[in-house]
Amino acid sequence: MSRIVIFGTEKLAELAHFYFTHDSEHDVVAFTVDQAYIGEGEFCGLPVVPFENVVELYPPDEFKMFVALGYKKLNSIRSQKYFESKSKGYELVSYISTKATHWGDTDIGDNCIIMENQVIQPFVRIGNNVVIWSGNHFGHNVVIGDHVFIASHVVMSGGVEIGDHSFIGVNVSIRDQVKIGRECIIGAGAVMLNDADDREVYIAEPTELYRLDSEAFERMMEISR
């Protein structure tokens, strides 16, 4: 069992602590953030230490690290702390849920978190520093770049490629062989049938508010029955 320090004190860090504690061979011993964000100095019952001093308190030859930050600024803050942690000498660990379905041949980089109820077909490659929320489908030969965030219930058909630093929203569907460029935002519910160039944004049409409230709507339905 290796001992790890988690960078972050927000929701993803809390989730990472839960998953590592209940479903891995890693033992979380502390959290770390930049000195300016220390706050109360404790999170999930564990100490929060300044990132500026983490090497002295938890030396990288004895401890490993996981950077648990979200997708702000197209994942650039997470990637910045990823590289800073590596420059301090830390090995960055990954977590893949035992409740994810895969064939054991998935090529997964470091500092990835892959939550439960995934279907990962053969020959999938997942880069470094990737967050994959619960309940997605990855077809055969899918390639995910570095520093990507994938929300829940995303379907990627075979041969899809996702560029570095991209964000894929909830309930997105991507047709086979489609390539999504770097730093793209694919919004919730989007259906991608063609390639996306770097830095493009796709947003699905939202469902419109109906003209009647629920009570009036129910009366109308009663009349029509």
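Asp 34 and Lys 81 form a salt bridge, with their closest N and O atoms 3.0 Å apart. By salt bridge I mean a side-chain nitrogen of Lys or Arg within 4 Å of a carboxyl oxygen of Asp or Glu. Asp 34 sits in the loop between strand E2 (26-33) and strand E3 (42-43), and Lys 81 in helix H3 (residues 76-87), so the pair ties together parts 47 residues apart in sequence. Helices (H or I, at least four residues) and strands (E, at least two) are DSSP runs, numbered from the N terminus. Lys 81 is buried, at 8% relative accessible area; buried means under 20%, exposed over 50%, partly exposed in between, with a 1.4 Å probe and protein chains only.

A word on the basis. This is a predicted model: local features need pLDDT of at least 70, side-chain atom pairs count only at pLDDT 80 or more, and totals for chains, interfaces and linings use all residues. Residues are numbered from 1 along each chain as its sequence is written, and side-chain values use heavy atoms, with hydrogens and water left out.

The structure holds ten salt bridges. Another one joins Lys 64 to Glu 91, closest N and O atoms 3.6 Å apart. Lys 64 is in strand E5 (residues 64-67) and Glu 91 in the loop between H3 and strand E6 (95-96), 27 residues apart. Lys 64 is partly exposed at 23%, and Glu 91 is partly exposed at 46%.

Last, Asp 164 and Arg 182 meet in a salt bridge at 3.0 Å, N to O. Asp 164 is partly exposed at 22%, as is Arg 182 at 36%. Both belong to a network of salt bridges that also links Glu 183 and Arg 199.
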